[in-house]
Amino acid sequence: FPFLGVRFVSVIDKIDTEKGIDAKLSFEMLIKNLINDMYAKDISKKIRAVMDTKRLNGEFIGAFAPYGYLKDPNNRNTFIIDDKASKVVKRIFDMYIEGNSMGRIVKILNDENIPCPSKYKSTHCSYKNAMVKRYKWCQETVKRILSNPTYIGNMTQHRQEKISYKIDKFRKIPCSNWITVEGTHEPIISPEIFETVQNLIKRQTVKYSRGKESFHLLNGLVFCKEC
């Protein structure tokens, strides 16, 4: 506050930055802030432990169900299928298996004015998003759907986590560290289709625009050593 020219007054701590802070009071503030920080850190660890326990039990802890599902009104920790959105999920998997790239799928969905997950949620529940102008399908959204084991009936969580209890930034978790509990709800996609899609994603097959069904024989198998 002093750096920004703001006067800070605390009656309980007897602090007034306009009058200055003596060494003794400054030391007391440092000790108090350290204790408060340790308390906040301890609370954060306990909350994370409780959340992980619920995840390991196959209980959904998110505010909104993944696209294609709804929260079960009889059990808010599991899902029921959303008939309308689940058809789009199935179509995305089918289009990818048929050879359409993620970019091509995005173009098809946007051209047909099919609401993306964020827009769909904003019209069907209390979901709010500040990025209203970006209510469009993108490749990241399609890839997230194609790689989510939740669609084969497995509750998959802990795909991202907060970097620190002090800030609201998140980082992605490697898929090997996701918490997955099998058979917790009705699947939208069969395990066979899901596995096929994962293999295609690993190969990173690219469809060329030279002609219809123009795939290179070595696509996804041979790579430039410089790139």
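**Contacts, surface and salt bridges**

Modeller: The model is a predicted one. Leaving aside residues up to four places away in sequence, His 185 is in contact with Tyr 69, Thr 78, Phe 79, Thr 150, Gly 153, Asn 154 and Met 155.

Colleague: Is His 185 buried or exposed?

Modeller: His 185 sits in the loop between strand E8 (179–181) and helix H6 (191–203). Its relative accessible area is 10%. Residues under 20% are classed as buried, and His 185 is therefore buried.

Colleague: How many helices and strands does the chain contain, and in what order do the elements run?

Modeller: The secondary structure amounts to six helices and eight strands. Read from the N terminus, the order is β-β-α-β-β-α-α-α-α-β-β-β-β-α.

Colleague: What share of the contacts with a separation of 6 or more links residues 24 or more positions apart?

Modeller: The chain has 227 residues, of which 32% are buried. Its accessible surface is about 16,000 Å², with 56% belonging to carbon and sulfur atoms. Among contacts with a separation of 6 or more, the share from residues 24 or more positions apart is 53%.

Colleague: What accessible area do the residues of the nonpolar surface patch have together?

Modeller: The patch consists of Phe 1, Phe 3, Leu 4, Val 6 and Phe 8. Phe 8 belongs to the segment before strand E1 (9–10), and its relative accessibility of 33% makes it partly exposed. Together, the patch residues have an accessible area of about 600 Å².

Colleague: How many residues apart in sequence are the parts tied together by the salt bridge of Glu 18 and Arg 7?

Modeller: The closest N and O atoms of Glu 18 and Arg 7 are 3.5 Å apart, and the two form a salt bridge. Glu 18 lies in the loop between strand E2 (15–16) and helix H1 (23–56), whereas Arg 7 lies in the segment before E1, so the pair ties together parts whose separation in sequence is eleven residues.

Colleague: Which of the classes, exposed or partly exposed, applies to Glu 18, and which to Arg 7?

Modeller: Glu 18 has a relative accessibility of 59% and counts as exposed. Arg 7 has a relative accessible area of 49% and is partly exposed.

Colleague: By about how much of the helix are Asp 42 and Lys 46 separated?

Modeller: Their side chains form a salt bridge, at 3.2 Å from N to O. Asp 42 is partly exposed at 34% relative accessibility. Because Asp 42 and Lys 46 are four residues apart in helix H1, their separation is about one helical turn.

Colleague: Which strands does the salt bridge between Glu 161 and Arg 171 tie together?

Modeller: The closest N and O atoms of this salt bridge are 3.0 Å apart. Glu 161 is in residues 160–162 and Arg 171 in residues 170–172, so the pair ties together parts ten residues apart in sequence, namely strands E6 and E7.

Technical notes. Residues numbered from 1 in each chain as written. Predicted model: local features only at pLDDT ≥ 70, side-chain atom pairs only at ≥ 80, totals over all residues. Heavy atoms only, no water. Patch = residues over 30% accessible without salt bridge, like charges linked within 9 Å, V, L, I, M, F, W, Y side chains within 5 Å. Areas by Shrake-Rupley, 256 points an atom, 1.4 Å probe, with all protein chains shown as cover. Salt bridge = Lys/Arg side-chain N within 4 Å of Asp/Glu carboxyl O. Helix = DSSP H or I, 4+ residues; strand = E, 2+ residues; numbered from the N terminus. Buried < 20%, exposed > 50% of the residue type's maximum accessible area, 1.4 Å probe, protein only. Contact = heavy atoms within 4.5 Å.
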